[in-house]
Amino acid sequence: MRFGCGLSGLQLRPGMTMAKAIDEMAETVREVASWGLFRYFNFPHHFLSYPWVFPDPLALSARIAPEAGDMWIVPNILMPLYNPVFVAEHVAILDHICHGRFILCALLGYRPLELEVAGITRRERVSRMEEAIPLMKRLWMGEEVTFHGKHFHISGGRLGVTPLQKPHPPVWMAGQSHRAAARAGRIAESCRIGPWVGWKDFVAFGETYRKS
């Protein structure tokens, strides 16, 4: 069994700069990596989260990678809020920065404010995720891609560089329902669930989570 370590959002102390806060996060990563106890670092992401701060997960990955030693970097990405080409390009570079120790953890997102500013609805989240992840995997393989789906379109596009990991970095999907777990089984490499005692607890939490 392998264990990971999760960073959380932060609240800036009075007089504290964002640069100092990020430096402290990097110091935390370096210290935990020195223990040799944990396999990976995971950290959350939200937009418009005042008074909490959730640094951009792609930028933060690049900052903490040099401090992580042999640990893997696993940022949460609110996947339906992004264009998959944007994410695929950044992940390809980050995988090299992390020396092949990068995992993408894709989340549907749930906050109405975040969905509103992205111009999408709750009903669109799943179909956007189901288009985005297979499309990114095709791009990571280095092939020229033509794709015309419900949400995304590419006509003969190809990444300038592919990830270090072959065929591509692992994709985890967070889920709180039977359907989410089945979806992860179809298009991802793993389903990340909460630390529930049993499946009934997991599903019960998911029902509350979706109504929030």
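**Cysteines, core and helices**

Student: What makes C5 too far from the closest cysteine sulfur for a bond?

Tutor: The closest cysteine sulfur to that of C5 is in C105, 15 Å away. A disulfide is a pair of cysteine sulfur atoms within 2.5 Å, so that distance is too far for a bond. By this rule the count of disulfides is zero. C191 is in no disulfide either: its nearest cysteine sulfur, that of C105, lies 9.1 Å away.

Student: Where do these values come from?

Tutor: From a predicted model, in which local features need pLDDT of at least 70 and side-chain atom pairs count only at pLDDT 80 or more, while totals for chains, interfaces and linings use all residues. Residues are numbered from 1 along each chain as its sequence is written, and side-chain values use heavy atoms, with hydrogens and water left out.

Student: Why is C5 called buried, and what is C191 called?

Tutor: Buried means under 20% relative accessible area, exposed over 50%, and partly exposed in between, with a 1.4 Å probe and protein chains only. C5 has 18% relative accessibility, so C5 counts as buried. C191 has 26%, so C191 counts as partly exposed.

Student: What makes a set of residues a nonpolar core?

Tutor: The members are buried Ala, Val, Leu, Ile, Met, Phe, Trp, Tyr and Cys residues joined through side-chain atoms within 4.5 Å. The largest such core here has 58 residues, and M79, L104, I133, M136, W140 and M173 touch the most other members. Helix α5 (residues 124-140) gives the most to this core, seven residues; helices are DSSP runs of H or I, at least four residues, numbered from the N terminus.

Student: Which residues is M136 in contact with, beyond its neighbours within four places in sequence?

Tutor: They are M79, P84, V87, A88 and L104, where contact means heavy atoms within 4.5 Å.

Student: Why are α5 and α6 called roughly parallel?

Tutor: α5 and helix α6 (residues 178-187) pack at an angle of about 20 degrees, taken between N-to-C directions on a scale from 0 to 180 degrees. Angles under 35 degrees count as roughly parallel, over 145 as roughly antiparallel, 65 to 115 as roughly perpendicular and the rest as oblique. Therefore α5 and α6 are roughly parallel to each other.

Student: And what makes α3 oblique to α5?

Tutor: Helix α3 (residues 84-97) and α5 pack at about 45 degrees, with their axes 9 Å apart. That angle makes α3 oblique to α5.

Definitions and conventions. Helices (H or I, at least four residues) and strands (E, at least two) are DSSP runs, numbered from the N terminus.
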